[in-house]
Amino acid sequence: MKVEIANLSIAFPSPRGPSLAVRGVSLTVGSEKLGIVGESGSGKSLTARSLLKLLPPEARVRADRLAFDGIDILQATERQMRSIRGKRAGLIMQDPKFSLNPVMTAGEQIAESWRLHRKTSKREAREAALDLLAQVQIRDPARVADAYPHELSGGMGQRVMIAMMMAPDPELLIADEPTSALDATVQAEILRLMEDLVSRRGMSLILISHDLPLVSHFCDRVVVMYAGRVVEELNAAGLARAEHPYTRGLLACLPTLSHPQARLTTLTRDPAWMDGSN
Amino acid sequence: MDGRFQLIVVDNLVIRFGRVEAVSGVSFAVARGTAWGIVGESGSGKSTVLRALAGLNENWSGRMLLDGEELPRRRTRAFFRRVQMVFQDPYGSLHPRQTIDRALAEPLVAQGIGGADAAIPRALDEVALPQAVRFRYPHQLSGGQRQRVAIARALITSPEVLLLDEPTSALDVSVQAEVLNLLSDLQRERNLTYIMVSHNLAVVAHLCPMIAVMQGGRVVETLSAEALRAGRTTHPHTAELRALSTELEEP
Ligand SMILES: Nc1ncnc2c1ncn2[C@@H]1O[C@H](COP(=O)(O)OP(=O)(O)OP(=O)(O)O)[C@@H](O)[C@H]1O
Ligand SMILES: Nc1ncnc2c1ncn2[C@@H]1O[C@H](COP(=O)(O)OP(=O)(O)OP(=O)(O)O)[C@@H](O)[C@H]1O
Ligand SMILES: [Mg+2]
Ligand SMILES: [Mg+2]
């Protein structure tokens with residue numbers, strides 16, 4: 001298994017004692033597409049970031065096991081992590097424009113990422129960056145390569161981040177809401193690219209998304225998180241037949257084009273979902 | 001275009017950044033108390049149109065009218081009392097060293113509106129945020145929590161017009177449903193006017209009876225939500241967006 005997480009907890013200090021943001025999450029990922037869906041604030045991004053040791057300094061992490069390709073992340077040194085991050089494992093962050101370097105052009109950032117594990121010239125890296133931008137459906141790669149993050153649209157920033165993370169051919173890609181700012185046509189192309197990396201190169205993909213239909217169609221498996229815990233794990237294609245009342249409630253909240261509703265159904269949260277006594 | 005009966009009129013708006021023409025002659029009009037949707041290709045100029053309306057970009061040509069009055073390049077304080085914007089990128093619009101409490105109090109102070117102590121807890125409640133986030137900093141929140149702070153901040157001064165740029169893209173669908181219902185309720189109670197940009201056609205069709213589709217800096221089609229639902233589209237870009245989104249709706 002590329003990724004093993006067993007009984008992961010993440011806590012933050014608060015005036016009323018430590019508050020647990022992630023409470024005993026366990027999951028594994030092989031060469032497949034794992035979707036993570038769930039409540040806003042349920043710990044999806046924190047779980048993903050813990051794999052790359054990218055949590056805020058005040059976070060307290062415990063786990064029976066937290067491993068990438070057999071490497072114990074909790075014990076790994078910063079130096080070891082640097083040889084993993086952005087090379088063997090990439091993280092496409094939820095706030096792409098904020099995560100990009102504001103004083104470097106998009107092209108420079110992608111080229112730098114490309115050169116991380118290849119011995120190539122600057123010119124070759126620039127060519128590769130232009131090619132990657134075209135692959136993520138940027139219409140005018142040359143202009144966008146020379147643009148700074150603040151000159152990009154929301155979806156362009158997202159695609160620059162995707163290109164950067166795909167550049168080093170990672171073994172694991174964690175994509176946190178990677179297509180939330182993309183129109184459906186561009187989204188379809190990006191998903192095709194990711195599919196290709198998984199099926200042809202055996203990459204592992206963790207896709208965090210609020211888009212239930214997308215996860216259901218694209219992923220192999222899906223875990224559903226609520227209040228810091230995994231409440232359900234399913235075959236992605238079977239998402240519509242979920243059993244947990246939270247997952248069922250989520251599906252009921254979806255607006256659709258085919259069935260207009262005057263008012264959207266909302267969720268009544270059952271306190272029992274907090275501790276899993278459902 | 002006749003501006004008298006429309007609250008917002010955008011007429012032949014052109015916006016350039018250096019050699020790039022991001023918006024090439026966009027026109028539309030929105031009646032008071034209604035919601036106007038904008039969808040379309042990533043990079044087609046949607047945010048740029050909203051930002052120009054909000055007065056955040058002074059480099060434009062064409063005309064923009066609010067309530068029949070031409071908007072000056074530099075907006076007045078009174079304008080910001082009437083029009084508020086929720087940005088696509090909530091991280092960028094919240095000051096990293098300001099607590100949520102300060103972020104929410106700031107627009108009230110700027111407009112000389114009192115009662116922050118009652119308004120802030122109510123605003124958090126409206127967007128389903130726990131009171132505990134009030135004294136946290138933006139980086140201590142999840143992505144969807146930050147997006148909700150941005151919505152609460154735009155609503156707190158009770159504006160007449162809300163410009164919403166992907167307001168629910170970082171929200172789980174249960175919170176999205178709550179926010180969309182809240183927007184509908186506010187529209188009914190206070191006759192608010194919305195312009196909403198989103199990539200999610202189902203979300204736009206839910207809130208907005210009329211929708212403009214953009215590609216390459218232009219509005220390529222304007223159609224009703226009903227026509228979009230029924231597949232009565234005229235431009236291939238609209239048809240493609242619709243096909244991909246209905247495809248996903250099939251289980
Ligand atoms: N630095 C921090 N200090 C305190 N609490 C934090 C901090 N960072 C995150 N949290 C809290 O941890 C919880 C989980 O956050 P996380 O970002 O993992 O949520 P998420 O599932 O990704 O949500 P979303 O879908 O909204 O992005 C949230 O309630 C958040 O407020
Ligand atoms: N400050 C700027 N400087 C230079 N170019 C800019 C600037 N802001 C936007 N642009 C360009 O204008 C075009 C339109 O951008 P805009 O952000 O309006 O797109 P959008 O339709 O909102 O896209 P998305 O759906 O991806 O958010 C893009 O090509 C972008 O690169
Ligand atoms: Mg998150
Ligand atoms: Mg935009």
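How many nonpolar, polar and charged residues make up the shell around ligand 2?

Reply: The model is a predicted one, and the shell around ligand 2 divides by class into four nonpolar, twelve polar and four charged residues. In total, 20 residues surround ligand 2, and the closest are Arg143(A), Ser153(A), Gly155(A), Ser42(B) and Thr48(B). Because the residues that surround ligand 2 come from chains A and B, the site is shared between chains.

On the side of chain A, a polar backbone atom of Gly155(A) is 2.7 Å from an oxygen atom of ligand 2. On the side of chain B, an oxygen atom of ligand 2 lies 3.2 Å from a backbone N or O atom of Ser44(B), while His199(B) contributes a polar side-chain atom that lies 3.0 Å from an oxygen atom of the ligand. As for cover, ligand 2 taken alone exposes 640 Å², and the protein buries 89% of that.

Turning to secondary structure, α7 (154-166) of chain A and α1 (46-53) of chain B each supply at least two residues of the shell around ligand 2. Helix α7(A) has 13 residues and reaches 19 Å from its first C-alpha to its last, which is close to the 18 Å expected at 1.5 Å a residue. This helix is also largely enclosed by the rest of the structure, because 13 of the 13 residues of α7(A) are buried.

The magnesium ion, ligand 4, is coordinated by the OG atom of Ser47(B) and the OE1 atom of Gln88(B), at 2.0 to 2.2 Å. Gln88(B) has a relative accessibility of 19%, and because buried means under 20%, Gln88(B) counts as buried.

To return to where the question began, the shell around ligand 2 has twelve polar residues beside four nonpolar and four charged ones, and it draws on chains A and B.

How values were computed. Residues are numbered from 1 along each chain as its sequence is written. Chains are lettered from A and ligands numbered from 1 in the order in which they are written. This is a predicted model: local features need pLDDT of at least 70, side-chain atom pairs count only at pLDDT 80 or more; totals for chains, interfaces and linings use all residues. Side-chain values use heavy atoms; hydrogens and water are left out. A residue is near a molecule or strand if one of its heavy atoms lies within 4 Å of it. A polar contact is a pair of N or O atoms within 3.5 Å; within protein, one must be able to donate a hydrogen and the other to accept it, and residues adjacent in sequence count only if both atoms are side-chain atoms. Accessible areas come from the Shrake-Rupley method with a 1.4 Å probe; for residues, only the protein chains shown count as cover. Helices (H or I, at least four residues) and strands (E, at least two) are DSSP runs, numbered from the N terminus. Ala, Val, Leu, Ile, Met, Phe, Trp, Tyr, Cys and Pro count as nonpolar, Asp, Glu, Lys and Arg as charged, and the others, Gly among them, as polar. The expected span of a helix is 1.5 Å times one less than its number of residues. Buried means under 20% relative accessible area, exposed over 50%, partly exposed in between (1.4 Å probe, protein chains only). Donors are N, O and S atoms within 2.8 Å of the metal (3.2 Å for Na, K and Ca); water is not among the atoms, so sites may look incomplete.
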